[in-house]
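Biologist: Before we discuss anything in detail, could you show me the structure, so that I can learn to read its features one at a time?

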Amino acid sequence: MDAASGAWAETPGRQTLRKTAAIGAAAAVAALLLLCVFIIDSGYIFILSEVFHATGISVLIYKLTKDRSCAGLSLKSQELTALFLSLRFYFNYRMYFDMHGVLDIATLITTLWVIFMIRVILKSSYMEDEDSFPLKYLVMACALLALLAHPKSSDNLVNRLMFAFGCNLETVAIMPQLRLMHNTKIVESLAAYYVFSLGVTRFLNTAHWIIQVVSSRGTILFGLVYGIWPAVVFISEIVQTLMLGDFCYYYIKSIAEGHSVLRLPSDSV
């Protein structure tokens, strides 16, 4: 093989990444089509996503109480989750408080309990060295993006900035958890299911948005007020799904092969 052909040759890692992306994209399209066919009201998809999230939290609580260990869990991700849930509860309380608000406050309470367990009760098993994502830069980036893109509504500027900041935090909250798993490469089954449930939740939320946009022929975007904010909201949902898609692929593959723990390849997450 000459130098020119060698330059164009794909490495095994790149081939694996392309294969993973192709399988994930095909599965996502198939799942989206099935949701469109069998679920008439897209609101049910949103409720289903919250059910998956609640299931993931329940499994996480079970892991902490049964194993008495928080190994494999990112405290930073839990703290970011608690922060954006607090902001979301604040806005739900101000505007409308329905079943979604009830589920949000329940999730916030359980997340705060998980943080307490990691910081106090199970502190000795916390993998602090592996939970190495630079949190302050992540928060600063979310704040900067909120200044650049936020709702243009009649509400006061502080509330609009806080709302955008909370949405941005929700997008990146999983990143410290993904970094921790990238560092360890071995993920215990219950912790893996928790992250997988977050991936399913994000996909269902994205599917909900796509179906809403398509069925309304784009008019629903005007309900999110004008400017670039509607595009930011829609893109953030897709970004969250893509960040978790790679992990979900390897999780399903590991389950299908009958492995008790998930071993991630070096080029994953």
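This is a predicted model: local features need pLDDT of at least 70, side-chain atom pairs count only at pLDDT 80 or more; totals for chains, interfaces and linings use all residues.

Biologist: Where does Asn168 sit, and is Asn168 buried or exposed?

Modeller: Asn168 has its place in helix 7, which covers residues 157-172. Burial is read from relative accessible area, with the cut-off for buried set at under 20%; Asn168 has a value of 6%, and therefore counts as buried.

Biologist: How should I read Met162, and which residues does Met162 touch?

Modeller: Met162 also lies in helix 7, but its relative accessible area is 28%, so that Met162 is classed as partly exposed. Not counting residues up to four places away in sequence, Met162 touches Leu87, Tyr90 and Phe91. A distance between C-alpha atoms gives another view of the fold: Met162 and Ala146 are 16 residues apart along the chain, and their C-alpha atoms are separated by 7.8 Å.

Biologist: What is the accessibility of Cys248, and how many disulfides does a search of the whole structure find?

Modeller: Cys248 has a relative accessibility of 12%, and so it counts as buried. As for the second point, a disulfide is a covalent bond between the sulfur atoms of two cysteines. The search, run over the whole structure, finds 0 disulfides.

Biologist: Where does the UniProt record place the feature "transmembrane region"?

Modeller: According to the UniProt record, which is an unreviewed entry, the feature lies at residues 21-40, 46-65, 102-122, 134-151, 157-178, 190-211 and 231-252. For residues 134-151, the span is 78% helix and 0% strand, and the end C-alpha atoms lie 28 Å apart.

Biologist: At roughly what angle do the axes of helix 9 and helix 10 cross, and what is the handedness of their crossing?

Modeller: The axes of helix 9 (residues 189-215) and helix 10 (residues 229-256) come within 8 Å and cross at roughly 140°. Because an angle has to be over 145 degrees to count as roughly antiparallel, helix 9 and helix 10 are described as oblique to each other. Their crossing is left-handed.

Conventions
Residues are numbered from 1 along each chain as its sequence is written. Side-chain values use heavy atoms; hydrogens and water are left out. Helices (H or I, at least four residues) and strands (E, at least two) are DSSP runs, numbered from the N terminus. Buried means under 20% relative accessible area, exposed over 50%, partly exposed in between (1.4 Å probe, protein chains only). A disulfide is a pair of cysteine sulfur atoms within 2.5 Å. UniProt positions are given in the numbering used here, feature names are shortened, and annotations may be inferred rather than shown by experiment. Axes are lines fitted to C-alpha atoms, for helices over the stretch in contact, and angles run from 0 to 180 degrees between N-to-C directions. Angles under 35 degrees count as roughly parallel, over 145 as roughly antiparallel, 65 to 115 as roughly perpendicular and the rest as oblique. A crossing is left-handed if the near helix is turned anticlockwise from the far one by less than a right angle, and right-handed if clockwise. Contact means heavy atoms within 4.5 Å.
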